[in-house]
Amino acid sequence: MSLIFKTIQTEGIAELSYLLGDDDEGVGAIFDPRADVEIYVEMAREAGLAITHIFETHIHADLVSGSRELCARLESAKIYSSGEGGAEYGFGPEKIRNGDRFTFGEVLVTARHTPGHTLAETDHPDEPWAILTGDSLFVSSAGRPDLLGEKHTKQLAEQQFHTLRDFYLKLPDHVMIYPNHGAGSPCGADIGARLSSTIGYERKFNKFLQFTDAKRFTDYAIQSAPPVPHYYPLMKRVNAEGPKVLGNLPRVPGLPPNAFKEAIDKKAGVLVDVRTMLGFGGGHISGALNIGGTPILSIWAGWMLDPEKPILLVMENDDDLERIVRLFVRTGFTKFAGYLIGGMKAWDATGFPLERIGQMSVHELNERKDSLQIVDARSPGEWKKGHVPGAQHIFVPELAKRMVELDRNKPTAVYCGSGYRASIATSILKPLGFTDVWNVPGSWEAWKKAKLPVEGADSK
């Protein structure tokens with residue numbers, strides 16, 4: 001018998017799901033699948049496993065669960081979700097209780113309820129070699145207790161404190177931990193870059209495991225948590241009710257330039273340009289929102305768009321369509337009014353007008369900073385660690401409602417960590433009358449590497 005254990009990383013969202021099974025018996029399980037499920041079907045086939053169990057360690061807030069989609073693709077699988085802590089589902093999964101055991105050949109999986117955020121799964125009831133920690137314990141971090149709203153935060157934080165101390169810290173040092181999220185996920189504060197760890201390492205270095213007082217832990221957990229993305233409550237509701245089974249990726253009709261322009265004029269959808277910030281800045285369709293087509297598109301589409309409104313899509317190449325649609329689907333975007341066939345080259349050749357956004361280097365920003373309105377579009381935690389002197393902080397998802405704080409008539413430069421979010425921000429500002437607006441490629445990363453002046457914490 002050989003244990004099959006594989007980690008599936010979803011970049012951008014930084015979600016981690018798992019395939020576990022026994023190759024002698026040919027049976028296995030998937031834990032916490034994402035919405036585009038083909039990867040699990042193919043991976044199980046390559047490993048010679050029939051997937052019989054699909055486990056949901058908790059009701060996900062950061063992405064659309066793929067459990068129902070995957071179950072629909074498989075003949076013999078059932079979905080298993082937590083029956084503890086009052087979790088309610090609208091699609092009838094099998095309920096798991098604390099201590100329930102599942103066998104896959106010689107592999108034993110035991111469920112442990114870890115209140116405060118989530119359910120965890122352990123491999124052996126007495127001396128486990130590994131634990132799938134869901135969203136309760138991360139590498140260098142822990143699950144946030146504030147996703148059910150302020151009314152429940154302190155209670156959940158206290159439960160989380162006891163889960164960490166009374167469950168995880170009582171495990172042997174050698175036990176491996178495999179969390180549901182990695183670095184970059186808003187589901188925890190400063191999650192570490194490694195995809196797995198051990199109880200011993202976390203016991204020594206994880207700040208969330210150093211507290212002996214519940215109140216101090218609660219204060220730290222609340223203060224250190226990153227902003228809650230706007231789409232998290234929606235994702236929790238969708239996943240609790242049961243996501244729709246799509247069968248395939250959504251169909252996106254191709255529209256030539258004239259038809260695409262007509263769709264824009266009729267307001268058939270929200271215009272989203274997924275090209276790079278430099279491509280977008282060099283020439284784009286008026287009113288387009290720039291959300292670059294890298295894996296973090298999933299998160300920023302969730303932050304900036306309404307899944308009920310269809311999307312009109314502009315891409316660099318038509319061949320990018322399937323990849324881009326997968327990124328949208330992961331956070332619940334399945335409605336598309338069409339894509340521009342031939343991209344901006346076809347738009348240009350038809351003679352339609354273009355808008356442009358200037359690109360300003362960090363050196364030019366430093367030279368001109370006294371005459372510019374500088375907007376820092378990063379998160380509050382990033383801002384506190386240091387910023388460009390004289391900058392004004394407006395986290396990009398808050399930009400629309402805080403527009404009154406800015407002067408449309410003053411030249412405006414926007415930066416973030418790398419330029420990605422700044423390009424989102426400038427694409428919002430440009431149609432609203434900020435005629436002299438600039439994006440800063442490289443942004444804070446380039447500013448620091450150029451050793452330019454810093455204001456705030458990093459300047460001390």
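Predicted model: local features only at pLDDT ≥ 70, side-chain atom pairs only at ≥ 80, totals over all residues.

Me: What makes the largest pocket a pocket and not a cavity?
Reply: A cavity is space that a 1.4 Å probe cannot get out of, whereas a pocket is an open set of points, so the label says that this space is open. About 1,200 Å³ lies in the largest pocket. Of its 40 lining residues, the closest to the centre are Asp-190, Pro-226, Pro-227, Ser-379 and Glu-382.

Me: Which helix gives the most to that lining?
Reply: Helix 13 does, with four residues. Helix 5, helix 9 and helix 14 are also among the elements that give two or more.

Me: What kinds of residue line the largest pocket?
Reply: You'll find 21 nonpolar, twelve polar and seven charged ones.

Me: Why are Pro-257, Phe-260 and Ala-263 in helix 7 called buried?
Reply: Buried means under 20% relative accessible area, so that is where these three fall.

Me: How do you know that they are on the same side of helix 7?
Reply: Look at the directions around the axis: Pro-257, Phe-260 and Ala-263 cover an arc of only 120°, so they sit on the same side. On the other side, Asn-258 and Asp-265 are exposed, and for that label the relative accessible area has to be over 50%.

Me: What do the buried residues of helix 7 pack against?
Reply: Their partners are strand 15, strand 16, strand 18, strand 19 and helix 11.

Conventions
Residues numbered from 1 in each chain as written. Heavy atoms only, no water. 1 Å grid on protein atoms, 1.4 Å probe; cavity = no way out; pocket = protein on both sides within 12 Å on 5 of 7 lines; lining within 4 Å. Points joined across faces, edges and corners; volume = space filled by probe spheres on them. Nonpolar A, V, L, I, M, F, W, Y, C, P; charged D, E, K, R; others polar. Buried < 20%, exposed > 50% of the residue type's maximum accessible area, 1.4 Å probe, protein only. Arc of directions from axis to C-beta. Contact = heavy atoms within 4.5 Å.
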